[in-house]
Amino acid sequence: MIKTFPFVLSDQSVNSMGFVVLTAGIDLDSFKKNPVMLFNHCEDDICGRWLNVRVEGDKLLAEGEFDEADPEAKDLMGKVERGFLKGCSIGFNISDMSLSVKGFEDIPVATKTVLHEASITPLPSNTNACCIYDAEGKLMNIDQVHAFINLKRNQNSTINKPMQKLALLIATLSLTADSTEDQVITAVNKLSKKANDDAAELVTLKKEKDDLIIERDGLKTQLTTQKDSQVENLVDGAIALSKISKAERETWITLAKADFDSTKKALDSRAAHVAVTSNLNNTNTPVAGDEKFLGMSFIETKKTPEGVSFLERLSRDNKSLFEKKRTNPSQPVTA
């Protein structure tokens with residue numbers, strides 16, 4: 001039976017960094033897709049997962065299930081079970097903060113947050129510990145959080161607009177509130193260089209992609225051309241041997257394009273049935289075996305005595321066809 005342990009992940013008490021997380025404003029969507037339980041906000045120290053994550057009143061509640069196959073996680077479960085470890089802390093990103101929430105006068109309130117993870121910790125969650133991530137998913141230290149809060153304070157004031165912009169820039173760059181001008185410039189230049197490098201890499205990758213598309217299309221065209229040529233040679237060869245008629249050409253072309261191997265097998269099984277006298281200008285009775293020589297090239301025909309005899313008869317009875325075969329020695333000529 002799976003053991004689970006109830007925890008209060010967060011409530012609306014003032015945390016160690018001096019502000020309140022509004023429970024109703026916590027976005028749980030992404031967290032519920034991967035509700036990992038960490039130990040002390042260490043992403044390499046996964047000790048379990050959270051079940052039944054829910055909001056009840058001003059509290060964010062869940063049941064913790066420890067990974068008992070992990071010895072360290074099982075040890076942590078034992079400490080929880082025996083009452084030695086009770087603390088829980090959430091890690092989140094602040095989307096919006098206000099200084100004028102009813103019931104929290106003069107206290108900064110994170111009105112919109114995105115929950116990233118929840119950790120087992122020796123320190124209670126809201127009383128002494130919480131963990132805040134910046135927009136890039138990096139952990140923020142207390143100075144950066146205070147800079148963010150001060151930025152919100154300044155945004156509520158109509159004075160010192162340049163300082164508001166500087167505070168916003170410092171918070172965006174994940175720098176501390178006491179960062180010098182040189183540190184800000186260095187961070188901006190680093191960010192600018194990264195943007196330029198990323199843009200250059202994107203251009204290179206796009207060119208490589210375009211080149212690959214051109215190469216692929218060329219190969220597809222070449223393959224299609226070769227296949228069409230192979231199909232036409234097969235069908236035209238069958239016509240030359242009178243295995244099929246010219247009127248059937250397009251039908252057999254379509255069949256060969258759909259299934260070349262089966263079409264070739266069907267045509268190869270057909271015997272050539274044209275006698276040599278069908279191409280000769282006389283009425284001599286054909287000699288047995290003349291049909292096969294008619295479909296051979298001049299060179300192939302000369303390889304046997306029977307073939308030589310055939311060519312002698314052809315030179316007498318149809319000089320025109322004989323000359324065509326002789327002048328095209330490597331190709332079968334039938335007319």
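Mentor: A salt bridge is a side-chain nitrogen of Lys or Arg within 4 Å of a carboxyl oxygen of Asp or Glu. Keep in mind that this is a predicted model, where local features need pLDDT of at least 70, side-chain atom pairs count only at pLDDT 80 or more, and totals for chains, interfaces and linings use all residues. Side-chain values use heavy atoms, with hydrogens and water left out, and residues are numbered from 1 along each chain as its sequence is written.

By that rule, you get 14 salt bridges. Take Asp198 and Lys194, whose closest N and O atoms are 3.0 Å apart. They sit 4 residues apart in helix 6 (residues 181-240), so about one helical turn separates them; helices are DSSP runs (H or I, at least four residues), numbered from the N terminus. Asp198 is partly exposed at 36% relative accessibility, and Lys194 is partly exposed at 49%.

Further along, Asp211 and Lys207 form a salt bridge, 3.0 Å from N to O. These two are also in helix 6, 4 residues apart, which means about one helical turn lies between them. Asp211 is partly exposed at 39%, while Lys207 counts as exposed at 54%.

Then there's Arg216 with Asp217, with 3.0 Å between the closest N and O atoms. Arg216 is partly exposed at 46%, as is Asp217 at 34%. Finally, Arg54, Glu56 and Glu63 are joined in a salt-bridge network.

Conventions
Buried < 20%, exposed > 50% of the residue type's maximum accessible area, 1.4 Å probe, protein only.
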